[in-house]
Amino acid sequence: ERSLWVSQNPRIREGLVLVLGDGKGVEGEAAKVVRNCAANSPLAAEAWAKQPGLFEGFRHCFSASEHIKSCVLGAVYSLSRTEECARIMKEAKVQEYILDLTLKWKMAVDLTPEERDRFRATVACAGLAVLNLKAAAKELGPGGSHTATWPGLERRVILNIVRVVNAAIDGQPFAGVKFNEEAALHAVPVACSTPSHLSVLCEQGLVELLIALLKRFRAEDAMASSGSLDSIKSNGIQGGLPSIKAVHLAVDSLLSMCSNAKEVAEPVIQRMQDMGAKEVIVTVLDQVGRGSEGSAAKRPRILHSESQDHISDSAVKDLGADELRIATRQSAEQLLAHLNRKP
């Protein structure tokens with residue numbers, strides 16, 4: 001795999017860190033190399049995270065242009081999705097020196113529409129990276145030690161995260177970057193476990209987005225029989241078929257919403273019940289229970305060149321399809337128990 005070959009070459013890594021320190025305007029291209037390699041391979045991500053001087057180089061880029069800073073944040077987010085990288089980044093104080101600074105940025109009033117979207121994507125990547133670092137440190141998520149005390153991300157950051165997730169689920173680029181569904185959803189279960197985020201996530205339609213994604217998984221038999229997406233799109237289901245990983249993350253996100261304190265979770269559960277989520281989850285259980293991923297699992301993995309803007313999935317790690325089906329089934333069963341509860 002090219003991404004792994006590039007990342008395991010010490011001369012390339014050393015040269016790229018030098019560019020980040022004094023790239024004379026091309027630091028953004030160097031950051032894109034890190035971003036794309038990390039997105040394609042967890043092992044590549046770890047090689048970059050362990051490279052001396054990388055995060056110092058990223059910090060140096062914060063005196064450069066907005067475009068370069070946005071490329072750096074894309075690389076930081078890609079790296080944060082691998083647990084070992086998140087641990088290294090936590091030790092390197094990436095949150096304090098890079099992410100927290102980014103989350104304090106305010107949008108200028110004179111930006112073009114393209115610049116506004118780039119700003120939003122940058123802030124979303126910073127927020128998602130913070131969630132990944134906190135989850136890796138066991139501060140958030142199941143058994144998280146700081147879940148009750150952490151105030152959560154600002155409303156505007158959550159809004160931008162939902163924008164990224166929406167674009168990814170629709171299969172559309174956002175700010176010139178096409179986020180893979182798994183990449184965009186990776187930190188969403190953690191976001192949903194934080195009570196202060198729930199009202200904004202629901203207000204922005206995250207529940208509807210996730211259920212729409214699960215409905216596409218339900219439609220895989222139509223895809224297999226027709227050989228195209230025409231019959232699916234004619235029924236109002238947008239986008240391609242989701243992978244089992246995306247389905248797992250969507251189910252986990254809905255489950256995280258339901259697992260909050262009762263007074264916070266009850267309105268969300270009612271919303272899911274009103275939308276017919278129970279029927280959708282029953283069908284997902286049927287799909288994963290049969291042990292068939294359909295054509296979604298057979299999609300070829302595409303390696304994107306460094307010149308393309310694409311953030312793909314590095315979250316699968318060593319979880320195979322069978323393990324993902326089992327994990328998805330377990331989460332779906334727990335979610336169904338919540339949906340079967342009487343108000």
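These legends walk through several close-up views of a predicted model.

Figure 1. The protein chain holds 20 helices and two strands. Of its 343 residues, 52% count as buried. If we look at contacts with a sequence separation of 6 or more, 78% of them join residues 24 or more positions apart. The views that follow zoom in on single places in this chain.

**Figure 2. The largest nonpolar core has 106 residues.** Within this core, the residues with the most contacts are Leu54, Phe58, Leu79, Leu99, Leu214 and Met272. Helix H9, which spans residues 113-136, gives the most to the core, with eleven residues.

**Figure 3. Helices H4 and H7 side by side.** Helix H4 covers residues 42-49 and helix H7 covers residues 83-91; their axes come within 8 Å and cross at roughly 15°. Angles under 35 degrees count as roughly parallel, so H4 and H7 are roughly parallel to each other. The contact between them is made by Ala45, Glu46 and Ala49 of H4 together with Glu84, Cys85 and Ile88 of H7. H4 passes H7 in a left-handed crossing.

Figure 4. H13 passes H18 in a left-handed crossing. On the H13 side, the contact is made by Pro195, Leu198, Cys202 and Glu203; on the H18 side, by Val264, Val268 and Arg271. Buried residues of H13 include His197, Leu198, Val200, Leu201 and Cys202. Just after H13, Gly205 takes a positive phi of about 85°.

**Figure 5. Cysteines without a disulfide.** How many disulfides does the structure hold? The count is zero. Cys61 is in no disulfide, and the nearest cysteine sulfur, that of Cys71, is 9.3 Å away. A disulfide would need the two sulfur atoms within 2.5 Å. Is Cys61 buried or exposed? With a relative accessible area of 1%, Cys61 is buried. Cys125 also counts as buried, at 6% relative accessibility.

**Figure 6. Ala277 and its partners.** Ala277 lies in helix H19, which spans residues 277-289. At 2% relative accessibility, Ala277 counts as buried. Leaving aside neighbours within four places in sequence, Ala277 is in contact with Ile211, Met272 and Leu339. Look for Leu339 in particular: Ala277 and Leu339 are 62 residues apart in sequence, yet their C-alpha atoms are 7.8 Å apart in space.

**Figure 7. Glu181, a buried glutamate.** Glu181 lies in helix H11, residues 181-185. Its relative accessibility is 10%, and because buried means under 20%, Glu181 counts as buried. Apart from neighbours within four places in sequence, Glu181 is in contact with Ala168, Ile169, Leu213, Arg216, Pro242 and Ala246.

Figure 8. Which phi value does Lys93 take? Phi of Lys93 is near 55°, a positive value in a residue other than glycine. Lys93 is found in the loop between H7 and helix H8 (94-103), and is partly exposed, with a relative accessible area of 39%. Phi of Ala175 is likewise near 55°. Ala175 is found in the loop between helix H10 (155-170) and strand E1 (178-179). With a relative accessible area of 29%, Ala175 is partly exposed.

Technical notes:
Residues are numbered from 1 along each chain as its sequence is written. This is a predicted model: local features need pLDDT of at least 70, side-chain atom pairs count only at pLDDT 80 or more; totals for chains, interfaces and linings use all residues. Side-chain values use heavy atoms; hydrogens and water are left out. A nonpolar core is a set of buried Ala, Val, Leu, Ile, Met, Phe, Trp, Tyr and Cys residues joined through side-chain atoms within 4.5 Å. Buried means under 20% relative accessible area, exposed over 50%, partly exposed in between (1.4 Å probe, protein chains only). Helices (H or I, at least four residues) and strands (E, at least two) are DSSP runs, numbered from the N terminus. Axes are lines fitted to C-alpha atoms, for helices over the stretch in contact, and angles run from 0 to 180 degrees between N-to-C directions. Angles under 35 degrees count as roughly parallel, over 145 as roughly antiparallel, 65 to 115 as roughly perpendicular and the rest as oblique. A crossing is left-handed if the near helix is turned anticlockwise from the far one by less than a right angle, and right-handed if clockwise. Contact means heavy atoms within 4.5 Å.
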